[in-house]
Amino acid sequence: MTLKKSVSVFGVTGSIGASTVDVLKSHTDKYAVEAVTAHRNVDALATAAIELRAKCAVIGDPDCFDALKSALAGTGIDIAAGEEALIEAAERPSDIVIAAIVGAAGLKPTLAAIRRGARIGLANKETLVCAGALMTAEIATHGATLIPVDSEHSAIFQVLEDREENRIDRILLTASGGPFREWSLEDMRSVTRAQALAHPNWEMGAKISIDSATMMNKGLELIEAWHLFPVAEEQIEIVVHPQSVVHSMVEYSDGSVLAQLGTPDMRTPIAYALSWPDRIKVDTPRLDFATIGSLKFETPDMNRFPALRLARQALQEGGTLPTVLNAANEVAVEAFLKDRIGFLDIAGTVEKLMTRLGSEALTSLDQVFETDAMVRRETAAYLASS
Ligand code: NAD
Ligand code: MG
């Protein structure tokens with residue numbers, strides 16, 4: 001008999017969270033659940049906690065404590081609420097933490113799990129974008145392991161394992177191009193919330209769906225890839241691949257290109273983060289190559305998708321600039337989702353804040369938290385005045 005691995009799922013009520021629940025439910029012989037968390041959705045959190053037989057359920061918003069208490073009364077599941085409680089949940093002894101909170105809000109719990117040397121299945125790319133160098137240093141200090149869940153990075157991780165870094169020529173990060181891949185700038189000006197949320201290939205949470213539409217998601221993934229893999233910034237190339245079948249590729253010094261392919265289903269990279277270095281069964285739809293017929297690739301258009309240019313600039317200049325980019329983007333996306341600004345204003349706002357605030361050398365995690373909070377205030381003030 002093999003011992004079960006224990007798993008905690010942060011952001012269990014989200015899109016990645018739901019896919020993780022699905023994988024865990026079909027492998028209860030291999031995984032036991034320690035803690036599950038959510039922001040405000042008490043009912044979905046309680047359901048997940050009961051279904052997964054979790055030992056503990058934590059809700060981020062303290063005002064939801066009483067509702068969670070009644071929803072889980074008599075189950076024996078430990079409950080808690082608030083930001084501190086999320087950090088304490090990450091400190092509970094699980095072998096694996098699936099980090100699937102959206103945005104910089106995921107940073108502190110992820111860090112707490114890193115500091116006890118856990119394996120992190122990282123979906124929450126924003127934390128690597130705003131504090132990548134400091135997080136990778138913490139990972140090294142505490143002997144933690146980071147396995148990417150983002151499909152592109154999981155693909156690269158899968159084809160990169162055991163390969164020497166000086167033999168890598170390029171990382172080819174694929175991008176679907178989002179719903180507006182073929183739209184003119186003029187047409188993009190009047191994009192609605194519903195149009196931007198309708199991703200052609202993936203079903204995802206609201207924030208990442210908007211990021212995919214502006215292609216800021218690929219910009220964040222460029223920065224994420226640079227932190228995860230041993231290559232220079234100019235060795236990471238973005239390739240538009242509208243079908244989302246090839247999840248990314250690595251080109252080696254002898255000209256070989258290795259790719260990982262699959263249907264667009266996040267359960268595959270989630271399962272790999274759980275089972276690595278082994279593989280487990282997942283019932284995803286399978287690729288039928290004859291039906292697909294041909295695969296399409298294009299160069300991204302930096303004019304229509306300025307977020308790509310801004311993210312590369314943030315990566316090149318480094319310091320706190322990626323933190324500025326990320327926080328300004330989070331505030332701008334929320335404003336767009338509330339119909340307060342237009343679609344093109346999202347990247348416009350990020351560019352404005354990057355120019356206005358510039359970059360400082362990055363020295364501590366406290367500085368990341370302070371910069372993140374300051375940029376959120378500045379962005380809100382800018383949007384209120386424009
Ligand atoms: P989502 O909006 O569907 O879910 C977010 C989860 O985080 C929810 O459980 C929510 O309760 C929780 N949460 C939100 N704000 C919080 C806060 N302030 N404090 C504590 N918890 C909070 O998002 P998602 O699409 O599942 O994405 C999650 C992360 O995974 C993001 O970083 C995203 O970029 C990344 N990701 C998602 C996909 C995808 O297919 N959805 C693919 C790759 C990467
Ligand atoms: Mg991705």
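Here is a short chat about aromatic pairs and nonpolar cores in this predicted model.

Student: What makes the pair of Phe157 and Tyr272 edge-to-face?
Tutor: Their ring centres are 6.3 Å apart and their planes sit at 65°.

Student: Why is the pair of Phe157 and Trp276 called tilted?
Tutor: Here the centres are 6.0 Å apart and the planes are at 55°. Stacked needs under 30 degrees and edge-to-face needs over 60, so 55° lands in the remaining class, tilted. Trp276 belongs to the loop between α12 and α13 (289-292), 119 residues from Phe157.

Student: How do you know whether Phe157 is buried or exposed?
Tutor: Its relative accessibility is 14%. The cut-off for buried is under 20%, so Phe157 counts as buried.

Student: What about Trp276, buried, exposed or partly exposed?
Tutor: Trp276 has a relative accessible area of 22%. Buried means under 20% and exposed over 50%, so Trp276 is partly exposed.

Student: What makes Lys108 a charge over the ring of Phe369?
Tutor: Lys108 lies over the face of Phe369, at 4.5 Å from the ring centre, and the distance limit is within 6 Å.

Student: Which residues have the most contacts inside the largest nonpolar core?
Tutor: Val36, Leu274, Leu325 and Phe343, in a core of 95 residues. Helix α15 (residues 321-337) gives the largest share, 11 residues. Phe343 is also in a ring cluster with Phe180, Trp183 and Phe336.

How values were computed:
Residues are numbered from 1 along each chain as its sequence is written. Chains are lettered from A and ligands numbered from 1 in the order in which they are written. This is a predicted model: local features need pLDDT of at least 70, side-chain atom pairs count only at pLDDT 80 or more; totals for chains, interfaces and linings use all residues. Side-chain values use heavy atoms; hydrogens and water are left out. A nonpolar core is a set of buried Ala, Val, Leu, Ile, Met, Phe, Trp, Tyr and Cys residues joined through side-chain atoms within 4.5 Å. Buried means under 20% relative accessible area, exposed over 50%, partly exposed in between (1.4 Å probe, protein chains only). Helices (H or I, at least four residues) and strands (E, at least two) are DSSP runs, numbered from the N terminus. Rings of Phe, Tyr and Trp (its six-membered ring) pair if their centres lie within 6.5 Å; planes under 30 degrees apart count as stacked, over 60 as edge-to-face and the rest as tilted. A charge sits over a ring if NZ of Lys or CZ of Arg is within 6 Å of the ring centre and within 35 degrees of the ring normal.
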